[in-house]
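Subject: Structure handover

Hello,

Please find the structure we spoke about below. My notes on it follow.

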Amino acid sequence: MQTRLEQDDDRLASLVVILPLAVTGFVVAAGCWTLFAVAGVHLRADLALSSLQFGILLAAPMAVSAVLAIPAGLAAQRYGARAVMLTCLVGLAMCMGLLLLVESFYGYLLVAGGLGLAGGFYSAGLQFVVSHCKPKRLGLVLGVFGAGVTGAGFSYYLVPLFHDAFSWQGVPLAYLIVLLLVIALLVMLTDPESRESGADRPWSVGQVVRILRRGRSLPLTAYFGVVAGSFFALALWLPDFLSAQFGLSLDAGARQAQWFVIPGALAQILGGGLADRFGSARVATRSLVLCLVALAVLSYPPMTLFVRGVDEIITVEFALPLMIEGSLIVVLGVAMGSAMGSLQRMVILANRAEAALFAGFLLVSACSVAFVLPVLFGAVNQWLGVRTAVFMILFLLLSTSLLMFARDTRREERRTLLHPGI
């Protein structure tokens with residue numbers, strides 16, 4: 001019989017293999033998530049799409065991810081996370097093959113929905129790594145896994161290169177080759193899992209709802225969804241925003257947007273690690289405050305102020321240069337990523353036994369917000385004609401979330417530390 005030390009060594013050894021594989025798979029899956037954020041800009045011109053149609057195309061993967069997240073989490077607990085991960089990757093590979101054939105808006109919309117299988121991979125992958133991780137490392141490991149969102153940023157750089165070198169057909173073909181490689185590595189380097197304990201127990205809707213409402217799980221899931229959904233929505237919208245706002249080429253706008261996604265994704269490691277040391281609530285609160293500072297500045301649109309002077313009208317021009325706006329976007333990405341890492345740790349640590357199910361809850365919450373926001377961005381752009389209105393929307397959303405999170409945290413501290421009734 002193995003001693004506890006030997007079990008810990010075995011768990012750490014398996015994590016060394018499993019974590020890089022899971023992160024690699026999530027990098028590719030997240031790249032599929034945001035494929036249309038870059039390639040869709042070209043399709044927008046080719047198919048003469050309106051802002052609203054473009055927003056729907058960007059949001060479709062998030063909508064399907066929200067639908068699949070909880071079923072994928074339950075399937076991971078019942079049949080094993082590895083089997084669900086492989087199924088999602090195979091489905092994504094089939095979508096890439098289909099993308100080589102479609103030509104109409106509705107065909108692309110169908111494929112965009114299929115890319116929502118990336119959400120199922122997230123739910124199963126999180127269960128895959130949590131089952132091999134000790135609680136004291138949970139925040140760091142979850143942050144490393146969540147950093148797979150960097151795949152979205154890599155798409156902003158690589159997709160234009162493939163598009164220029166091989167035309168549109170080169171993009172899905174490259175993704176297809178990478179997906180097949182990841183599938184092969186996952187099959188060869190990992191073994192089929194034994195089912196989780198209690199996996200054969202049927203899950204009713206009532207049981208799932210009771211689990212979600214346990215403790216502070218429901219509000220914390222909602223706060224994570226607002227922050228992560230805002231991050232994903234802005235990642236989808238930024239290439240088009242930057243190219244239009246500063247007169248950049250579409251490819252240059254996409255490359256500029258990667259400085260939001262990649263630092264933000266990597267900041268989940270920072271947020272998770274700091275949360276392990278200082279506590280999730282403290283890290284999340286300070287990160288959200290930093291988000292609001294950046295959003296407050298980014299919300300101001302370019303404007304001209306006419307001041308009636310003594311002898312003449314004085315004209316004052318206000319517009320953020322690209323360098324300052326880019327720096328603020330990096331700060332915003334890092335702050336949002338840090339908040340995501342700490343909030344994710346907070347939820348999973350409190351519900352470790354149902355990690356895959358709560359990964360589904362987190363993803364449903366995030367993808368629901370990420371589905372609504374691009375459509376809202378497109379509608380507000382079309383209605384107001386002010387591009388920076390997207391930052392105004394996010395400022396209102398995150399400030400409301402911060403106030404509610406701070407209130408709930410204070411209430412929990414009073415309940416835990418003080419006598420009842422005080």
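I begin with the largest cavity, whose lining consists of Phe-26, Tyr-122, Gly-146, Val-149, Phe-224, Ala-228, Phe-232, Gln-268, Met-340, Gln-344, Leu-363 and Ala-366. Two or more of the lining residues come from each of H11, helix H14 (322-350) and helix H15 (355-384). H11 has the largest share, 3 residues. Helices here are DSSP runs of H or I with at least four residues, strands are runs of E with at least two, and both are numbered from the N terminus.

This is a predicted model, in which local features need pLDDT of at least 70 and side-chain atom pairs count only at pLDDT 80 or more, while totals for chains, interfaces and linings use all residues. Residues are numbered from 1 along each chain as its sequence is written, and side-chain values use heavy atoms, with hydrogens and water left out.

The volume of the largest cavity is about 80 Å³, and the whole structure has 1 cavity of 30 Å³ or more. The search ran on a 1 Å grid over the protein atoms alone: a cavity is a set of points where a 1.4 Å probe fits but cannot get out, a pocket is an open set with protein on both sides within 12 Å along at least five of seven lines, and lining residues have an atom within 4 Å of a point. Grid points are joined across faces, edges and corners, and a volume is the space filled by probe spheres set on the points. By class, the cavity lining has 9 nonpolar, 3 polar and no charged residues. Ala, Val, Leu, Ile, Met, Phe, Trp, Tyr, Cys and Pro count as nonpolar, Asp, Glu, Lys and Arg as charged, and the others, Gly among them, as polar.

The second largest pocket has a volume of about 200 Å³. Its lining includes Val-27, Gly-31, Phe-154, Leu-158 and Tyr-175. Helix H1 (4-33), helix H8 (150-166) and helix H9 (170-189) each contribute at least two lining residues, and H8 gives the most, with 5. This pocket lining holds 8 nonpolar, 3 polar and no charged residues.

Phe-231 is part of helix H11 (residues 217-245). Phe-231 counts as buried because its relative accessibility is 0%; buried means under 20% relative accessible area, exposed over 50%, and partly exposed in between, with a 1.4 Å probe and protein chains only. Beyond its neighbours within four places in sequence, Phe-231 has contacts (heavy atoms within 4.5 Å) with Val-149 and Met-340, among others. Gly-337 is 106 residues from Phe-231 in sequence, yet the two C-alpha atoms are 7.9 Å apart.

In helix H5 (residues 105-114), 7 of the 10 residues are buried, so the helix is largely enclosed by the rest of the structure. The buried ones include Phe-105, Tyr-108 and Val-111.

Overall, the protein has 16 helices and 2 strands, and 53% of its 422 residues are buried. Of the contacts between residues at least 6 apart in sequence, 83% join residues at least 24 apart.

On confidence, the average pLDDT (the predictor's confidence in each residue, from 0 to 100) is 80, and 86% of the residues score at least 70. Over residues 196-200 pLDDT stays under 50, and the model has 6 contacts beyond four places in sequence for them.

Regards
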